[in-house]
Amino acid sequence: MKKTIVILTATRAEYGLLRPIIRTLSACTKFNVRVVVTGAHLSAEFGLTYKEIENDGIRIDRKIEILLSSDTSSAISKNMGLAMISFADYFADVVPDYLMVLGDRYETLAVCCAAMNARIPIIHLYGGETTQGAVDEAIRHAITKMSFLHLASTEEHRHRIIQLGENPSRVFNVGAVGIENALHTPLLSKAELEDSLHFSLGPEYALITFHPVTLEGFQAGVQVQSILKAIESFPNIKFIITKANADAGGRIINQLFEDYSLNHKNVKIFDSLGMLRYLSAIKYSNMVIGNSSSGLVEVPSFKVPTINIGDRQRGRIMAKSIINCEPNAEEIIRAINFARSSDFRKTLESVKNPYGDGNTTNKILKILEEKLLADKINLKKEFYDIDF
């Protein structure tokens, strides 16, 4: 009998990583996949990115709206409350065998709470990672403790999940799906990309994505002003900016970038590029700037430098192509110049990506077939102690 797996997606970046998994599991006769869309996907302000899912030919089982038109801490908590209520109803209606989630977002935590109460085993991708500058750190570890099966992106992350008390028999290193996307997605040519963006990229351009650093209070606006002051020093470089996600402070970031782009012809801002255009934009870029996890996970596979600004990704495993800098204009300018230097660019060809070999979805399918097809799953987890 087929096992029903609900796969949750709330953001464009998360969906880009889940897409090959959704397709692989959907093609498997042993699983019935239901894709549920929520969060920023359903917001016009964030580009109505659920349409990208539909354009990929993936059937959406349910669209569940939870997002308020505010990104204060109070609004985020209310979003979580709406998510828990709405998904409690959904799980009671559908009664899936499993829930699959990726990462560390606040709405994901709320959905996992509803699944836990409904005694639905949770499959968690990418536990064990650290992002010391964001509340995501605590959310990710909380989801780990609620989850039954763990699919980590590196061996070090696998060890951390076990350190959190999870039994090694349920914890696997499968690598990062982002690497698979980067290595195996047929990308646009530069001319096709320019035509799609309606923007001439010129001989030198950079891609910028900057998200709120949620444990630094109200610093988002100040930090974006530093980025804008820095790129003002490079009028001959074109800049493609993708908007921040729906976290506390995200709207401030987006408004500042929008205002700047109105008066600078070398800058163009997008709600979302979609996976194909985003990866294509990385491929031909001279550098990627910001604090997105994609700068650490996918970008090194393209031998392109990443300027990682501030503490949002502090603690993550990093390739040698990553240039870390503080969120002030002088440091960012220095990092951009270093990324452009011939000596640094010579080192890029030897860069190795620490996040896997690009065969993640096949590994995931094999593990799910081995672990989830039993008639009954024992949710009574014992805490796995390790020797110190």
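Contact here means heavy atoms within 4.5 Å. Keep that in mind as you open this predicted model, where local features need pLDDT of at least 70, side-chain atom pairs count only at pLDDT 80 or more, and totals for chains, interfaces and linings use all residues. Residues are numbered from 1 along each chain as its sequence is written, and side-chain values use heavy atoms, with hydrogens and water left out.

**Whole chain**

Colour by secondary structure to find 15 helices and 13 strands (DSSP runs numbered from the N terminus: helices are H or I with at least four residues, strands E with at least two). Now colour by burial: 58% of the 388 residues are buried (under 20% relative accessible area, with a 1.4 Å probe and protein chains only).

**Ser 272**

Next, select Ser 272, in the loop between β10 (267-270) and α11 (274-284). Is Ser 272 buried or exposed? Its relative accessibility is 11%, so Ser 272 counts as buried.

Show the surrounding side chains. Leaving aside neighbours within four places in sequence, Ser 272 is in contact with Arg 12, Thr 49, Glu 52 and Arg 277. Zoom in on Glu 52, whose side chain makes a polar contact with that of Ser 272 at 3.0 Å (a pair of N or O atoms within 3.5 Å; within protein, one must be able to donate a hydrogen and the other to accept it, and residues adjacent in sequence count only if both atoms are side-chain atoms). Finally, pick the backbone nitrogen of Gly 274, which lies 3.3 Å from a polar atom of the Ser 272 side chain.

How values were computed:
Buried < 20%, exposed > 50% of the residue type's maximum accessible area, 1.4 Å probe, protein only.
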